[in-house]
Amino acid sequence: MAFTNDNSNTKVLTLAECRKLAEDKDKCILLINNRVYDVTKFLEEHPGGEEVLKEQHGRDATNAFEDVGHSSDAREQMKTYEIAQVDPSDIKTPARPTVVKPSGSTDGVRDDTGSSWTKWVIPLVIAIAAVVLFKLLTKSNADVNRPPTAI
Ligand code: HEM
């Protein structure tokens, strides 16, 4: 099978070899998108804290990693810690499509929260305008129907 590799790392490990590597509890070995990372030296530096990385030791951390919506800077940085790729014959799940958070952004991957207020402000303005218009129209009709008053 052709094995495309867009990274310079050509070392290939089977899942059994990854498990063996992860037996060393002093290390922190992660699998993300079918690549193997040794983040032992990165634990203290990780902006998300070392605990979240330690919890993923010896596991496939793809979902945990992608759910955070790591920035392109983070993805660039992770190349430093890549030690191998998973043997293609051991790959059961295709790599997850990446959702890259813009660098420097502090919020999550959801970006619809900022504009959500427009969803209720516009209908509210229309409703208020309709009420005002209705009141004006009923008022002018009442004026027309009122019998003339004696002077
Ligand atoms: C080699 C692997 C990893 C690298 C290089 C890395 C790098 C980074 C960087 C640079 C940030 C700062 C925000 C950003 O630029 O996106 C960050 C934040 C974070 N990371 Fe990672 N990370 C890795 C793996 C993981 C994993 C596996 C998890 C989850 C188990 C995780 C959870 C988090 C969390 C929760 C934050 C904080 C997000 C926030 O406060 O906005 N990271 N990481």
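## Briefing: hairpin, iron site and helical span

In the hairpin of β2 and β3, two residues lie between the strands, and Asn33 takes a positive phi near 50°. This is a predicted model: local features need pLDDT of at least 70, side-chain atom pairs count only at pLDDT 80 or more, and totals for chains, interfaces and linings use all residues. Residues are numbered from 1 along each chain as its sequence is written, and side-chain values use heavy atoms, with hydrogens and water left out.

**Strand pairing**

- Helices (H or I, at least four residues) and strands (E, at least two) are DSSP runs, numbered from the N terminus.
- β2 and β3 run antiparallel, joined by four bridges; two strands pair if DSSP finds at least two bridges between them.
- Ile29 has Asp38 in β3 as its bridge partner.
- Strand β4 (residues 59–60) runs parallel to β2, with two bridges.
- Leu31 stands opposite Asp60 in β4.
- From strand β2 (residues 29–32), Ile29 and Leu31 point one way, Leu30 and Ile32 the other way, and all are buried.
- Buried means under 20% relative accessible area, exposed over 50%, partly exposed in between (1.4 Å probe, protein chains only).

**Iron site**

- His46 (NE2) and His70 (NE2) coordinate the iron atom of the ligand at 2.0 Å.
- The pair links distant parts of the chain, 24 residues apart.
- His46 sits in the loop between β3 (35–38) and α2 (50–55), and His70 in the loop between α3 (62–68) and α4 (72–78).
- Donors are N, O and S atoms within 2.8 Å of the metal (3.2 Å for Na, K and Ca); water is not among the atoms, so sites may look incomplete.
- The site is octahedral, with angles of 86 to 180° among its six donor atoms.
- Six donors count as octahedral if opposite donors are over 155 degrees apart and all others between 65 and 115.
- Both His46 and His70 are buried.

**Whole chain**

- The protein chain has five helices and five strands.
- Their order along the sequence is β-α-β-β-α-β-α-α-β-α.
- Of its 151 residues, 26% count as buried.
- Among contacts with a separation of 6 or more, 74% involve residues 24 or more positions apart; contact means heavy atoms within 4.5 Å.
- The accessible surface (Shrake-Rupley method, 1.4 Å probe) comes to about 11,100 Å², and 59% of that belongs to carbon and sulfur atoms.

**Annotated span**

- An unreviewed UniProt entry places the feature "transmembrane region" at residues 120–137; such annotations may be inferred rather than shown by experiment.
- In the model, residues 120–137 are 100% helix and 0% strand, with end C-alpha atoms 26 Å apart.

Technical notes: Four donors count as tetrahedral if all angles lie between 85 and 135 degrees; four count as square planar and six as octahedral if opposite donors are over 155 degrees apart and all others between 65 and 115; anything else is irregular.
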